[in-house]
Amino acid sequence: MLAAECIDSRATVNTEEKRRTTTRIAMRVPRSCYGEPIISRLSCEHGLTVNIIAALLGESRDEDGWFTLELTGTTQQIQTGIIYLEELDLEIWDKTAVEEESW
């Protein structure tokens with residue numbers, strides 16, 4: 001491989017690592033996690049932009065909450081954010097990549 005080809009391939013990998021994408025997830029938040037700053041931590045600690053698409057979370061701690069979220073960030077940020085949610089034992093469904101609009 002020529003040196004120029006090596007540089008070009010590294011630039012492609014670097015660009016791929018920095019490209020932002022969006023993934024939609026649905027998750028259940030058990031009563032035991034009420035009061036935890038889950039969405040705040042996704043943003044602050046994992047660098048994700050979080051868009052709440054739908055939510056069902058009552059004031060009463062008698063029932064679980066349900067969220068549909070769009071997570072926007074690099075692939076690595078999204079992966080670490082989902083790992084964080086799984087470590088909290090949250091049930092997560094429908095990890096779907098959202099089609100990006102192109103102008």
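## Glu45 and its partner

Glu45 is exposed, at 54% relative accessible area (exposed means over 50%, buried under 20%, partly exposed in between, with a 1.4 Å probe and protein chains only). Glu45 pairs with Arg41 in a salt bridge, with the closest N and O atoms 3.8 Å apart (the cut-off is a side-chain nitrogen of Lys or Arg within 4 Å of a carboxyl oxygen of Asp or Glu). Arg41 itself is partly exposed at 28%.

A word on the source: this is a predicted model, where local features need pLDDT of at least 70 and side-chain atom pairs count only at pLDDT 80 or more, while totals for chains, interfaces and linings use all residues. Residues are numbered from 1 along each chain as its sequence is written, and side-chain values use heavy atoms, leaving out hydrogens and water.

## The other salt bridges

The whole structure has six salt bridges. One of them joins Glu91 to Arg28 at 2.7 Å, N to O. Glu91 sits in strand S4 and Arg28 in strand S1, so this pair ties together parts 63 residues apart in sequence (strands are DSSP runs of E, at least two residues, numbered from the N terminus). Arg28 is buried at 14%, whereas Glu91 is partly exposed at 35%.

## Strand S1

Strand S1 covers residues 20–29, and seven of its 10 residues are buried, so the rest of the structure largely encloses it. S1 runs antiparallel to S3 (residues 65–74), with 10 bridges joining the two (pairing takes at least two DSSP bridges). Thr23 stands opposite Leu71 in S3. Five bridges also join S1 to S4, again antiparallel, and Met27 has Ile92 of S4 as its bridge partner.

Note on methods. Helix = DSSP H or I, 4+ residues; strand = E, 2+ residues; numbered from the N terminus.
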